[in-house]
Amino acid sequence: MEDWLSWMDELSCNDFVIVDDFLDAPLISTIRQFFLSHLDSFSKAGVGALDNHVIRSDIRGDLTYWLDRKRDSDLDVFWLLLDETIHIYNRYCFLGLSGYEFHLACYPKGGHYEKHVDQFNKRNNRTISMVIYLNKDWKKGDGGELELYLKDGNTMLVEPLEARCVMFKSADLPHRVLTSNIARYSLTGWLLQQPAALGQFLG
Ligand code: OGA
Ligand code: NI
């Protein structure tokens, strides 16, 4: 819990926090196994929500697989951890989170994602972005770093190290994914202030 308090402090001061070894080795291995056994079901990710949704590999090259808690019960340990995470955010940050959406993402070799923010124009319920990296033995030269555009005007490169979790304020922190030179695996999601089905009608 003390860990969480300092992470939330960092997040509120800096708009982001990086937590190494957020998931333990057995859970990472469960998720990676799940990931690899579902690779056939991934599809090209788009940009924009609802009727603005288009596939633009020049902007975003990853393939995604949207998770469903009921269907994907192999990931139950992760879902429970997520419940706890949301509970803690609500209790200590008063964020009023009431839902989430998560997908697995695979950037094939050569894939990248240009600078963006994670909130859609017409759908502003994404509050906290969470990215958890799943590649074993990532090393310099493999690419696929996450670049954060900080509010002080500086940028920061985050290496996608196994079990590292980056959390940031979805509305406030522009970021991009540099070209990956290997197949890059992550579990990415958003903590929502309303269920997705309600949020998408906002604005
Ligand atoms: C995203 C995103 C960052 C990453 O999916 O919106 O910015 O490091 N991902 O994978
Ligand atoms: Ni993003």
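## Close-ups of a predicted model and its ligand

**Figure 1. The whole chain, for orientation.** With 203 residues, a compact globule would come out near 17 Å in radius of gyration, and the protein chain, at 16 Å, agrees with that (the radius is taken over C-alpha atoms, and the globule rule is 2.2 Å times the number of residues to the power 0.38). This is a predicted model, where local features need pLDDT of at least 70 and side-chain atom pairs count only at pLDDT 80 or more, while totals for chains, interfaces and linings use all residues. Residues are numbered from 1 along each chain as its sequence is written, chains are lettered from A and ligands numbered from 1 in the order in which they are written, and side-chain values use heavy atoms, with hydrogens and water left out. The C-alpha trace spans about 40 × 40 × 40 Å along its principal axes. Four helices and eleven strands make up the count for the chain (DSSP runs numbered from the N terminus: H or I, at least four residues, for helices; E, at least two, for strands).

**Figure 2. Who sits around ligand 1.** The shell consists of Tyr113, His116, Asp118, Val131, Tyr133, Leu146, His175, Val177, Arg184, Thr188 and Trp190 (each has a heavy atom within 4 Å of the ligand). S11 gives the largest share, with three. Sorted by class, that's six nonpolar, three polar and two charged residues (Ala, Val, Leu, Ile, Met, Phe, Trp, Tyr, Cys and Pro count as nonpolar, Asp, Glu, Lys and Arg as charged, and the others, Gly among them, as polar).

**Figure 3. Polar contacts to the ligand's oxygen atoms.** Here a polar contact is a pair of N or O atoms within 3.5 Å. From Tyr133, a polar side-chain atom lies 2.6 Å from a ligand 1 oxygen. For His175, a side-chain N or O atom is 2.8 Å from an oxygen of ligand 1. Arg184 also places a polar side-chain atom 2.8 Å from a ligand oxygen. Taken alone, ligand 1 exposes 290 Å², and the protein buries 98% of that (Shrake-Rupley areas, 1.4 Å probe).

**Figure 4. The cavity.** The structure holds one cavity of 30 Å³ or more (on a 1 Å grid over the protein atoms alone, points where a 1.4 Å probe fits but cannot get out; lining residues have an atom within 4 Å of a point). Lining the largest cavity are Lys44, Ala45, Ile55, Arg56, Ser57, Arg60, Gly61 and Asp62. That lining has two nonpolar, two polar and four charged residues.

Conventions: A polar contact is a pair of N or O atoms within 3.5 Å; within protein, one must be able to donate a hydrogen and the other to accept it, and residues adjacent in sequence count only if both atoms are side-chain atoms. On a 1 Å grid over the protein atoms alone, a cavity is a set of points where a 1.4 Å probe fits but cannot get out, and a pocket is an open set with protein on both sides within 12 Å along at least five of seven lines; lining residues have an atom within 4 Å of a point. Grid points are joined across faces, edges and corners, and a volume is the space filled by probe spheres set on the points.
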